[in-house]
Amino acid sequence: MSEQENIKKIITQEYIKCSQDPIHFFRKYCYIQHPIKGRILFHLYPFQEDVLNDFRNQRFNIINKSRQLGISTLAAGFSLHTMLFNKDKTVLCIATKQETAKGMVDKVQFMYNNLPGWLRGNKKPISDNKLSLKLANNSQIIATSAASDAGRSYAVSLLLIDEAAFIEGIDKIYTSIKPTIATGGRIIALSSPNGIGNWFHRMYTEAQMGDNDFNPVELKWNLHPDRDQIWYDTEKSNMSAREFAQEYDCDFLGSGNSVVEPDTLKWYEANHVIDPIEHRFLGGDFWVWKYPDYSKQYMVTADVARGDGNDYSAFHVIDVEACEQVAEFKSHIGTREYGHMLASVAAEYNNALLIVENANIGWDVVNTIIEKGYQNLYYSPRSYGDMSMDKYLDRLENDQVVPGFTNSVKTRPLVISKMESYIREGAFIFHSKRLLEELRVFIWHNGKAQAQNGYTDDLVLSCGFGLFLRDTALKYQSAGMDITRASLAGMSKTGYDSIYPTMPGGFINPYEIDNGMGGKEDIRWLF
């Protein structure tokens, strides 16, 4: 055998070995750009070898990872190996921005350009630009930014979703692309966590429970052999707890931008969240933890669904003095039925102060309560000013009032702030798993506190209304709450019949009662 034939045989054997063993291919021929060492061969760490075997053996992988573990580079190398040793394969890389997705293509291009000629083949790539690389065997990698129609026009062999937790609308993108890989394609979704409730968190959690086809892989900071306790202490001292949880600790709860700190919610879950002692009404959607105690004062605080089917009507029953949740409701229900239910529950709990959001169709609920003759309905001032507590009370004394609570751009931040303060300090005790889960996905988004996309905040907001207004009631509690309950219970329904049709404008004040000395007393200051 001639020397040329012997070289050709060695190359053939080596080519076959590279195609069958990606680890051998990486170690001997695949160069990467190290941020410090520059151009080096890709020698895999043991944990990277394990992840690579997952890429090969599992069709769907979801990777919850620490930063700077080389997993994106590993995914790029696996993409190149797929393209190099298979014909007509399409790798689609989706990221938050096109520039980020382009980074994956850059890594593949660098690895490909540094391969020996016998591995690359004699022909030049068909296409080689910033957003794609197409080889002579018709295999390619394409970078694209997140869009609802991303990938629809491709028969995708391997889908890479980079920083999946940070891509808005990834659930729609995934739904549109999944049919294209149903015939044998693969998915690698990798990201550091970004709180809970998003697509990445849901898919990873479901994978852990065996409820979907993904193989879950968790890669914390300490897997890297160059990281020790000294590294840990140094990094943690230079970052906030949330930043470290997100960047290095694979902690979904600690990584999010939630309004209420995750550690606080963990404390509530461990110490106060319990199953209700009774389920009532509409399929058991009214949860009761404590029955009425006729020596106590209660408030019922309600949020009204918009009526589009995407949110729920929800209310809480709160022991005012103990500041404790004793009952809760969340369900879809008609406005008239909801009004009757609220009046009934409030009456059961010692004629509780009934606080109902009056925006949009909330007026129909409020009107139902007034028609029913419930006499301890909360009334809001017609204007709020800067909403300091003293001015709030002053406006209640001097301005016209409207039935229900007006949740506006002025009141909402104050409601959220008050609720967060109560919960952070452990001053409000709640028992509901439903409220706990809503609080976990109640986040700051573009400066506004709201439910994460795909979730609702009905229990959170109705809770916030009550905690915000509890301060108003408690300001004069020692002198006022007993008088309020006793006095309003004796009011005639005539005041309510007169007030509602004449607003705005002149009206009969339902809070003006006989003082027992031949005169009248306005008791709105109690609220």
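**Notebook: strand E9 and the cores**

I started with strand E9, residues 186-191, and found 5 of its 6 residues buried. Buried means under 20% relative accessible area, with a 1.4 Å probe and protein chains only. Strands here are DSSP runs of at least two residues (E), helices are runs of at least four (H or I), and both are numbered from the N terminus.

I noted the ground rules. The model is predicted: local features need pLDDT of at least 70, side-chain atom pairs count only at pLDDT 80 or more, and totals for chains, interfaces and linings use all residues. Residues are numbered from 1 along each chain as its sequence is written, and side-chain values use heavy atoms, without hydrogens and water.

Next I looked up the neighbours of E9. Two strands pair if DSSP finds at least two bridges between them. Strand E3 (residues 60-65) pairs with E9 in the parallel sense, over 5 bridges. Asparagine 64 stands opposite serine 191 of E9. Strand E8 (residues 158-162) is also parallel to E9, again over 5 bridges. Leucine 159 has isoleucine 187 in E9 as its bridge partner.

Then I turned to the cores. A nonpolar core is a set of buried Ala, Val, Leu, Ile, Met, Phe, Trp, Tyr and Cys residues joined through side-chain atoms within 4.5 Å. The largest has 45 residues, and Phe25 and Phe55 touch the most other members. Helix H4 (residues 71-84) gives the most to this core, 8 residues. I also found a second, separate core of 34 residues, with Tyr268 and Phe405 among them.

Definitions and conventions: Buried < 20%, exposed > 50% of the residue type's maximum accessible area, 1.4 Å probe, protein only.
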